Amino acid sequence: MAEHVILFTGPMGAGKTTSIQSLSEIEVVRTEANNSERHIVDKETTTVALDYGEILVDADEKVRLYGIPGQQRFNFMWSILKKRAKGMILLVNSDAPDPIGEMTFFLDEFRELYDRGGVVIGITRADVVAGPSLDDFAKALERTNPGLLIPVFTVDPRDRDQMVNVLLALIANIEMRAMFGMITEAETA
Amino acid sequence: MDGTHVAPEPAPQPGRFPVSVGWTQAAIAISSVMVLKTPMNLKMNIEMHGPLLIDFEHHAFSWSTPLEHFPVDAVHTGLETIAGGPDAPPLFELPGKDLDGLLWQIGLNSFDGKPAFWLSSGERYRLTRWPNLTQHSHDMSQVKMIAVLGNAYVSTEELARYTGVALDEAQRLVNALSLMRILSRSAEAPAAVVVQETAAAKRQSLFGRLRKRLGRSDG
């Protein structure tokens, strides 16, 4: 069976679990536990292990959706999963203390995924708080990673239509990057 | 002649805005104001849809018609430039709506699929940033084209060929992205090197299969 792994990364409270729930065709396998960092995010539970969902493309092909913990103490999981992934949806909540810093941090951590696949950045809760604008995120990207043209969208993780748009934009971008030789097919499989 | 009396068309009054149908005149006006980079705003009167107000400084607009009901064949009956700047009263209550959504619609629906007047032949284009696709009504062929423009300098003809889209549709997208000022233009950029044939890429495309699976088989 052909499999394509998509990672959902980002800080606590960015909406990774909800995004996978919006997209997955199976009931999402969730593992949560008490939040030991309530000083950062006021949320009773938070993801501390994998969230898993999937989309069956046809009988022989599926897209596996993995949400990985946002806390740095779980970064041993990051290195395992990023080796298998084809692309990444990086979610950053606009009401985080330093959303641009979070974006830069996670992008640095997962930079190899951009180089051999693709990344889309989703800014969540942009309609709730007046955080940085998309232009601010784009300028920060240009400053920290010159030459990288990564799609940045505002997104509501609860909205399936929006999440489908984000996922398809990621896949389209990966395939066009392969077409122009920016990544190789063997590396994207 | 059947003898029926037909009243002559009233002569146009000098100095009045020429009534126009569609969005080409509006696109030209917007582009002209944006190029000037002076504190100037626009008010467009649109039959049946009320005034459309644009505040360029705040990259915002105000209009009673939601963009989901964008009137492709709108009848424009007036256009007014209004001075902006720090001392001018706000044109409408800010923050208003993000101007990008309006420019996307106007760009797609102007020039009848021909090149916008500010574009030149022989140019290639590349995105400087992606449009916020979750906020703009779009189809999947536009996503493919945007992904091409995000990764290579291409002409409109190349864009249509690589994505299997009609030339006028590719041109509409280039017009829109250009009006949004998120395209870089170059007359010198060489043709991009394609390492994977488009036919082979199409056969292997997860994008194609997934969009059908997710009910997005348009485009």
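B:Asn132 is buried, with a relative accessible area of 7%; buried means under 20% relative accessible area, exposed over 50%, and partly exposed in between (1.4 Å probe, protein chains only). This is a predicted model, in which local features need pLDDT of at least 70 and side-chain atom pairs count only at pLDDT 80 or more, while totals for chains, interfaces and linings use all residues. Residues are numbered from 1 along each chain as its sequence is written, chains are lettered from A in the order in which they are written, and side-chain values use heavy atoms, with hydrogens and water left out.

Let us stay with B:Asn132 for a moment. You will find B:Asn132 in the loop between strand E7 (124-127) and helix H3 (140-149) of chain B. Helices (H or I, at least four residues) and strands (E, at least two) are DSSP runs, numbered from the N terminus. Leaving aside neighbours within four places in sequence, B:Asn132 is in contact with A:Leu134, A:Val152, A:Phe153 and A:Thr154, where contact means heavy atoms within 4.5 Å.

**Where the chains meet**

The contact takes 39 residues from chain A and 38 residues from chain B. Chain A and chain B bury about 3200 Å² between them, 66% of it on carbon and sulfur atoms. In chain A, A:Leu149, A:Met179 and A:Phe180 lose the most area to chain B, together 22% of what that side buries. Buried area here is the accessible area (1.4 Å probe) that two parts lose on being put together, summed over both.

The rule finds 14 residue pairs in polar contact across this interface, both residues being at pLDDT 80 or more. A polar contact is a pair of N or O atoms within 3.5 Å; within protein, one must be able to donate a hydrogen and the other to accept it, and residues adjacent in sequence count only if both atoms are side-chain atoms. Among the elements that give two or more residues to the side of chain A that touches chain B are strand E4 (51-58), helix H5 (134-144) and helix H6 (160-179). H6(A) gives the most to that side, with 17 residues.

**Salt bridges**

A search of the whole structure finds 17 salt bridges over all chains, and three are found across the interface of chain A and chain B. A salt bridge is a side-chain nitrogen of Lys or Arg within 4 Å of a carboxyl oxygen of Asp or Glu. Here are some of the pairs:

| Pair | N to O distance |
|---|---|
| A:Glu61 and B:Arg209 | 2.6 Å |
| A:Asp135 and A:Lys139 | 3.1 Å |
| B:Arg216 and A:Asp161 | 3.0 Å |

How exposed are the partners? A:Glu61 is buried, with a relative accessible area of 6%, whereas B:Arg209 is partly exposed at 27%. B:Arg216 counts as buried at 14% relative accessibility, and A:Asp161 counts as partly exposed at 46%. A:Asp135 is partly exposed at 36%, while A:Lys139 is exposed at 52%. Because A:Asp135 and A:Lys139 are four residues apart in helix H5 of chain A, they are separated by about one helical turn.

**A lysine without a salt bridge**

A:Lys16 lies in helix H1 (residues 16-23) of chain A. A:Lys16 is buried yet has no salt bridge, and the nearest side chain of opposite charge, A:Asp51, is 7.4 Å away. For charge, Lys and Arg count as positive and Asp and Glu as negative; His and the chain ends are not counted. The side chain of A:Lys16 does reach the backbone oxygen of A:Pro11 at 3.1 Å.
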